[in-house]
Amino acid sequence: MKILVAVKRVIDYNVQIRVKEDGTGVVTDNVKMSTNPPDDNAIEEAVKIKESGKATEVIAVTVGEEKAQETVRKALAVGADRGIHVKAEGIIEPIAVSKILQKIVEKEKPDLVFMGKQAIDDDCNQTGQMLSALLNWPQATFASKIEVKDGKLEVIREIDEGLETIEINTPAIVTCDLRLNEPRYASLPNIMKAKKKPIEQMNASDLGVDTAPKIQQIKVEEPPKRKAGIKVSSVAELVQKLKNEAKVI
Amino acid sequence: MARESMEYDVVIIGGGPSGLSTAIKLKQLDPNLNVCLLEKASEIGAHILSGNVFETRALDELLPNWKELNSPIKTKVSKEKFLFLGKRKSLSWPTWLLPKVQQNHNNYIISLANLCRWLAEQAETLGVEIFPGFPASEILYNEDGSVKGVATQDMGIDKEGNQKDSFEPGIELLGKVTVFAEGCRGHLGKQLIEKFNLSKNKDPQQYGIGFKEIWEIEDKNHEEGMVMHTAGWPLDNNTYGGSFVYHAENKQVFLGYVIGLDYKNPYLSPYDEFQRFKTHPAIKKIVEGGKRISYGARALIEGGLQSLPQMFMPGALLVGCDAGTLNMPKIKGSHTAMKSGMIAAETIFENIKENKNLSIYEEKFKKSWVYEELHAARNVKPSFSWGLMLGIIFTGIDQILFKGKLPFTLKHKHADHETLKPANEMSKIDYPKYDNVITFDKTSSVYLTGTNHAENQPVHLKLKDPNLPISYTLEKFDEPAQRYCPAGVYEVQKENDQNKFVINSQNCIHCKTCDIKEPSQNITWVTPEGSGGPKYGNM
């Protein structure tokens, strides 16, 4: 069984995001970038399944600029066998990413596709679902436990109401929640070995996918600053303020 | 569980200007040398903080074609100012009357973090293996006592010291020569200086704490290439320090303050002095209407030649400010750090190829321009122990009339942890409230550093005696850690009417000030889990 895992390069979760002065986006120059955190969970799960003997190969794939390769290299350092880097510049929307992944799936014929439930930069939470539609494969989203059974997957999903257990047929798409596992550290010898593992590079256009954005971004702004809280002296004053100032009741 | 080990010709600890220059020079001398470099930050540059007005002398020698290599050295110094600040007033000192070492017209305003990122690219192109996120936590010795290499930190250890599921043992990196380039007060360098008695017959090392903020300011207040320094207010005559204000590219201003850690009053809060400094009319008018985008702090070396330890020992070398090559009157350490690394590389090359003893490092260093610079600079900092005014007068005579060639050397008398006076002999300092426009509290400042340490790991600030902060330091010095720490790591909290010393180690920005200033040397800074600490951008 082959598992394909999609990983995305995003601004590190510890970095304080700064909006560009001209409102065209956020500052990424000299900003620490990392793998999207739930994508790390996706890689970890795939490697664990391989280690349990239920999978034979883990392939990491990313879409993005030259430096996006670093995320594939990181995946290789924690146990993926080989990598694919689809080069594309600028903002690449989920629809373009899913079309690219569709092409890769057609080529590589994996049994499972894993990825994070959403990316922490745009929070879209769409790529897995769109890929599922494009391939007409079953999907299990927000997975916090995955059990591989013969030709099937049992997945526990983190949903608003609690936990939902579903069973789906493979091939399938699974998007992973942070609760799924604790990603391992990349050890130094494994980072060294990862440098020798192959990464296949191609352009999005080679796959016949147009990555031009379909959505026009008008402006990026910082959220308004929160005003300092105040203390009210009585319930009556609170009700009066909620009614007349906050206008919520 | 036995640790794996990997062998290299040269193992370098630290990805700052000195370590990276060592690596580059080694590969230039012999591309076949196996060189690896460890860095504790999550990426090269993320723990680098510096003013920085950069003198290119060392870089001109190391990479003469740096202008063609898309280096981040762009903003040439175009104008200079020196101000003496009074409480409300300021007096501009003509720059032609400044000692030559403080003139900057051939220098550049840069971000040292970006320079290091770029140097790392050059080093990787030459085949240096760079491993960010791997702190060296332990020195390894051969049976004959010589340095064999280092071990990286174990990862996946919980608060109590137990192995978590994710446990990953550290590995041993062994080198024919190990180069320690950790920067000021490196925690391994400190052990080596002690073990090999490298500071024998030297004065105690002197340190400062440097703060830096980056502001994006209004167009009308921005003068790209302008370099300004100040002395005086808010510090009193007996406290050594001053500010820098550098107008960099992209409407940014690098604003900073350095205070000597030999200050005497335990109530002094370096952080609050810096915040207060920004409220001076001459400074406020620059940042007013602008936005603060970065904050950070780091200890720096001020001792100069008198305090410079022997830099070689069996199997290892100290370079840059892990030894202490900063030129204090010049307020620059990057070019000297780089040069010390380049000399180290030449030494190692001759050591490996011709079996020469590492002690030739000292001879080479003494013949270099770094030594010449540090020698001429040696009397400036100690003269300020007589106070600001006498210090300035002496420095004028020493630097302008005698060009640093006076036939005597002043001494540093005390280590910085010995200088605090008991709290009951000193007066409290009433710092103004933060306005959240120009001045900010520590919490919101630390937030800007992006510092983080993975939860559930051992505290990396070790107390030799856990009771001492409350039983002695609080009593005698009102626990100055609450004030000298620029990140609010240390707090004294009341719990059921009992005082309790709290260490918020996850806030630590790796500045090392506590390790230096704690009056009983009770705090030891050790490496936290890899990738922990600040995520500085263009600092």
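Between which two strands of chain B does the loop with Pro234(B) lie? Pro234(B) sits between strand S15 (226-232) and strand S16 (241-247). The peptide bond that joins Trp233(B) to Pro234(B) is cis, with omega about 5°. This is a predicted model, and the values below are computed from it.

Start with chain B as a whole. The chain holds 15 helices and 24 strands. Its radius of gyration is 22 Å, close to the 24 Å that the globule rule gives for 539 residues, so chain B is as compact as a globular protein of that length. The C-alpha trace spans about 60 × 60 × 45 Å along its principal axes. Of the 539 residues, 53% are buried. Contacts in chain B with a separation of 6 or more are 77% between residues 24 or more positions apart.

Now divide the chain. The domain assignment gives three segments to domain 1 of chain B: 5-67, 113-202 and 309-377. Domain 2 takes 75-111 and 205-302. Domain 3 takes 416-427 and 442-525. The C-alpha centres of domain 1 and domain 2 of chain B are 29 Å apart. Their contact draws 20 residues from domain 1 and 24 residues from domain 2. On the domain 1 side, S3 and helix H3 (112-125) of chain B are the elements that give two or more residues. The largest share of that side, 3 residues, belongs to H3(B). By type, the domain 1 side has 11 nonpolar, 6 polar and 3 charged residues.

S3 also belongs to a sheet. This open sheet of 3 strands in chain B runs in the order S3-S7-S4, with antiparallel pairing. Strand S3 (53-54) and strand S4 (75-76) form its edges, each pairing on one side only. S4(B) is joined by 2 bridges to strand S7 (residues 108-109), and the two run antiparallel. Within S7(B), Tyr108(B) stands opposite Lys76(B). Strands of a sheet pair through backbone hydrogen bonds, either parallel or antiparallel.

Another antiparallel pair involves strand S14 (residues 207-216) of chain B and S18(B), linked over 10 bridges. Here Tyr295(B) in S18(B) is the bridge partner of Glu213(B). Is strand S18 (residues 291-301) of chain B mostly covered or mostly uncovered? Strand S18 is mostly covered, with 9 of its 11 residues buried.

Next, look at the backbone. Most residues other than glycine have a negative phi, and most peptide bonds are trans. Asn52(B) lies in the loop between strand S2 (35-39) and S3 of chain B.

Two lysines have a positive phi. For Lys403(B), phi is near 50°. Lys403(B) is in the loop between helix H11 (388-401) and helix H12 (442-449) of chain B. Lys403(B) counts as exposed because it has 12 C-beta neighbours inside 10 Å, and the exposed class covers 12 or fewer. In chain A, phi of Lys247(A) is also near 50°. Lys247(A) follows helix H6 (235-244) of chain A, in the segment after that helix. Lys247(A) is exposed too, with 8 other C-beta atoms within 10 Å.

Finally, turn to where the chains meet. How many residues of chain A are in contact with chain B? Chain A contributes 15 residues, in contact with 23 residues of chain B. The chain A side divides into 6 nonpolar, 4 polar and 5 charged residues.

Notes:
Residues numbered from 1 in each chain as written. Chains lettered and ligands numbered in written order. Predicted model: local features only at pLDDT ≥ 70, side-chain atom pairs only at ≥ 80, totals over all residues. Helix = DSSP H or I, 4+ residues; strand = E, 2+ residues; numbered from the N terminus. Rg over C-alpha atoms; globule rule 2.2 N^0.38 Å. Buried ≥ 20, exposed ≤ 12 C-beta atoms within 10 Å, placed from the backbone. Contact = placed C-beta atoms within 7 Å. Pairing = 2+ DSSP bridges. Domains from an automatic or database assignment. Nonpolar A, V, L, I, M, F, W, Y, C, P; charged D, E, K, R; others polar.
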